[in-house]
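Work through the exercises below with the sequence and the model at hand. Each task is followed by a solution in steps.

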Number of protein chains: 2
Amino acid sequence: MQPVFEQVRPTQQLIANLYRHRQEGVHPVPIHWHPDLELFWYRSTPVRFFCGGRTVLLPAGTPVLLFGGEIHGLEPVEQAAPSGLSVLWPHSFLSQAVPGYARLGGPSGPVQSERLTALLQQLLEVCDGEQTPLTPLLQNAHLYGLLHYLLSTYAAPQAAMPPSKSLQHCRSALSYMQQHFRSPITLESTARHVGVSAEHLSRLLRRCLGLGFLQQLRDLRLDWATSQMAGWQQGLLQLCLAAGFPDYRAFCAAFKERYGLTPRQYQSRL
Amino acid sequence: MQPVFEQVRPTQQLIANLYRHRQEGVHPVPIHWHPDLELFWYRSTPVRFFCGGRTVLLPAGTPVLLFGGEIHGLEPVEQAAPSGLSVLWPHSFLSQAVPGYARLGGPSGPVQSERLTALLQQLLEVCDGEQTPLTPLLQNAHLYGLLHYLLSTYAAPQAAMPPSKSLQHCRSALSYMQQHFRSPITLESTARHVGVSAEHLSRLLRRCLGLGFLQQLRDLRLDWATSQMAGWQQGLLQLCLAAGFPDYRAFCAAFKERYGLTPRQYQSRL
């Protein structure tokens with residue numbers, strides 16, 4: 001899973017970024033973090049949810065709430081045609097719309113209630129119903145209702161706490177790796193950028209991401225290479241080098257481990 | 001009833017101006033116009049509704065929709081303790097939030113449906129429930145839902161039509177009178193400002209407002225004088241002259257006609 005610092009902007013007229021998971025949707029969601037309030041809900045498949053250094057397997061239909069700031073990722077177990085919703089209310093919007101939002105905090109993890117499921121189901125029906133120029137108004141009605149429910153049910157005032165040093169270092173490493181994975185970066189160069197020793201960063205990443213540095217780097221390169229494959233005009237060797245892999249063998253090994261196919265086999269099925 | 005060009009700004013975090021009519025609320029609503037989408041609903045009292053030059057008496061509980069641009073006013077028949085809601089979605093907000101809003105039009109007048117009454121009832125309950133810093137989120141959910149219902153039920157594409165010359169002249173006269181009623185203005189000076197003959201303006205005002213110039217001017221002065229009375233430190237003669245009345249007799253006559261009391265009797269009951 002690819003770590004990304006995700007910058008969220010509201011979709012057109014909506015107060016939040018709203019994703020309807022469908023076959024053509026983007027999934028899995030790589031390890032990343034953002035300051036925004038997130039709610040995701042896969043109805044059709046269990047989800048491996050990674051947060052705070054641990055992975056848990058959640059049954060299908062479990063809504064997950066993230067108050068923002070946590071490094072997290074998720075992977076639908078059945079990737080074929082997941083169905084569900086993800087909503088991200090941007091931090092900038094929340095600061096304006098909710099008095100005292102900066103002093104609110106809440107859980108990051110699975111949340112369950114009949115009311116919440118009903119609200120999500122209603123929003124899903126709006127997304128799947130006939131789309132007109134007025135549909136965003138109805139979506140906003142549901143997004144405001146959902147936000148009110150989440151904050152009034154799960155948020156509580158909390159002491160303003162800066163993120164821990166460990167979390168800051170991990171975020172910094174993630175951003176650096178995301179920017180430079182196509183170059184020959186190393187644990188050492190990343191640690192220098194973050195300002196800690198290589199040994200310390202290695203431990204931190206394992207704790208925060210559940211992955212070692214090399215595995216993380218390989219995932220970044222693999223995600224990028226896969227995303228480019230459909231429109232790639234040059235050879236696969238050029239693609240593998242452009243993605244930052246040191247050689248074709250490493251590329252093939254990574255590919256086979258994740259997809260059970262060679263890059264060429266994968267490409268021929270696109 | 002006092003004619004006003006009403007400029008609407010959203011209330012704090014809300015997407016619309018939202019008024020809960022209660023005993024302490026502002027009523028009647030004087031003759032005025034604005035480019036904004038308005039919905040008002042008095043549950044507890046019939047309402048005299050003035051629009052497009054005609055006054056109709058609407059039974060209690062009738063929602064009234066105004067698509068903006070019309071000169072209108074209203075007066076609850078039982079003024080003691082009206083209960084209800086008024087909502088104004090600013091034109092600036094609608095232009096942003098609704099694609100193609102400039103090409104939409106719709107009726108100005110009473111609208112009735114079970115669904116609309118249910119939506120208004122829900123919004124009223126939110127307004128009357130416990131108020132927390134999160135209440136505006138729930139109000140916005142209802143305001144978006146209501147807006148979606150109104151537009152999808154009552155709006156239709158229409159040819160972009162500039163307001164008629166008559167309507168433009170009336171609006172211009174209303175604005176001028178509103179600004180200058182405390183000075184000795186006349187039909188002639190107002191007509192000069194508008195750029196039409198006095199005879200023509202007189203006819204236009206009767207058609208658009210249902211009132212002659214002098215009656216309109218008297219209402220403006222009376223509304224202002226009444227609104228000042230509670231905190232007025234000087235004598236009633238000074239008040240009457242400050243309001244623009246030519247003399248105390250005219251003031252008294254206007255007062256008695258509207259309230260059935262002399263100014264002094266009225267003041268002694270405040």
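## Exercise 1: a helix pair in chain B

In helix 2 of chain B, the residues B:Arg115, B:Leu116, B:Leu119, B:Leu120, B:Gln122, B:Leu123, B:Val126 and B:Cys127 meet B:Thr135, B:Leu138, B:Gln139, B:His142, B:Leu143, B:Leu146, B:Tyr149, B:Leu150 and B:Tyr154 in helix 3 of chain B. Contact means heavy atoms within 4.5 Å; helices (H or I, at least four residues) and strands (E, at least two) are DSSP runs, numbered from the N terminus. This is a predicted model, in which local features need pLDDT of at least 70 and side-chain atom pairs count only at pLDDT 80 or more, while totals for chains, interfaces and linings use all residues. Residues are numbered from 1 along each chain as its sequence is written, chains are lettered from A and ligands numbered from 1 in the order in which they are written, and side-chain values use heavy atoms, with hydrogens and water left out.

**Task.** Classify the residues of this contact, then describe how helix 2 of chain B and helix 3 of chain B pack.

**Solution.** 

1. The residues of the contact of helix 2 of chain B with helix 3 of chain B divide into 12 nonpolar, four polar and one charged. Here Ala, Val, Leu, Ile, Met, Phe, Trp, Tyr, Cys and Pro count as nonpolar, Asp, Glu, Lys and Arg as charged, and the others, Gly among them, as polar.
2. Two packed helices are described by the angle between their axes and the distance between the axes.
3. Helix 2 (residues 114-128) of chain B and helix 3 (residues 135-154) of chain B have axes 10 Å apart and pack at an angle of about 165 degrees. Axes are lines fitted to C-alpha atoms, for helices over the stretch in contact, and angles run from 0 to 180 degrees between N-to-C directions.
4. Helix 2 of chain B and helix 3 of chain B are therefore roughly antiparallel to each other. Angles under 35 degrees count as roughly parallel, over 145 as roughly antiparallel, 65 to 115 as roughly perpendicular and the rest as oblique.
5. Their crossing is left-handed. A crossing is left-handed if the near helix is turned anticlockwise from the far one by less than a right angle, and right-handed if clockwise.

## Exercise 2: helix 4 of chain A

**Task.** Describe the packing of helix 4 of chain A with helix 7 of chain A and with helix 5 of chain A.

**Solution.** 

1. Helix 4 (residues 165-180) of chain A packs on helix 7 (residues 213-229) of chain A at an angle of about 40 degrees, with the axes 10 Å apart. The two helices, helix 4 of chain A and helix 7 of chain A, are therefore oblique to each other.
2. The crossing of helix 4 of chain A past helix 7 of chain A is right-handed.
3. A:Leu174, A:Met177 and A:Gln178 of helix 4 of chain A meet A:Phe213, A:Gln216, A:Leu217 and A:Leu220 of helix 7 of chain A. By class, this contact has five nonpolar, two polar and no charged residues.
4. The axes of helix 4 of chain A and helix 5 of chain A come within 9 Å and cross at roughly 125 degrees, which makes helix 4 of chain A oblique to helix 5 of chain A.
5. Helix 4 of chain A also passes helix 5 of chain A in a right-handed crossing. A:His169, A:Ser172, A:Ala173, A:Tyr176 and A:Met177 of helix 4 of chain A make the contact with A:Ser189, A:Thr190, A:His193 and A:Val194 of helix 5 of chain A. Four of these residues are nonpolar, five polar and none charged.

## Exercise 3: burial

**Task.** Which residues of helix 5 of chain A are buried, and what does B:Leu94 contact?

**Solution.** 

1. In helix 5 (residues 187-194) of chain A, the buried residues include A:Leu187, A:Ser189, A:Thr190, A:Ala191 and A:Val194. Buried means under 20% relative accessible area, exposed over 50%, partly exposed in between (1.4 Å probe, protein chains only).
2. The buried residues of helix 5 of chain A pack against helix 4, helix 6 (198-209) and helix 7 of chain A.
3. B:Leu94 lies in helix 1 (residues 91-97) of chain B and is buried, with a relative accessible area of 0%.
4. Leaving aside neighbours within four places in sequence, B:Leu94 is in contact with B:Leu37, B:Trp89, B:Tyr101 and B:Leu147.

## Exercise 4: the two chains

**Solution.** 

1. A:His148, in helix 3 (residues 135-154) of chain A, touches B:Leu134, B:Leu137 and B:Leu138, not counting residues up to four places away in sequence.
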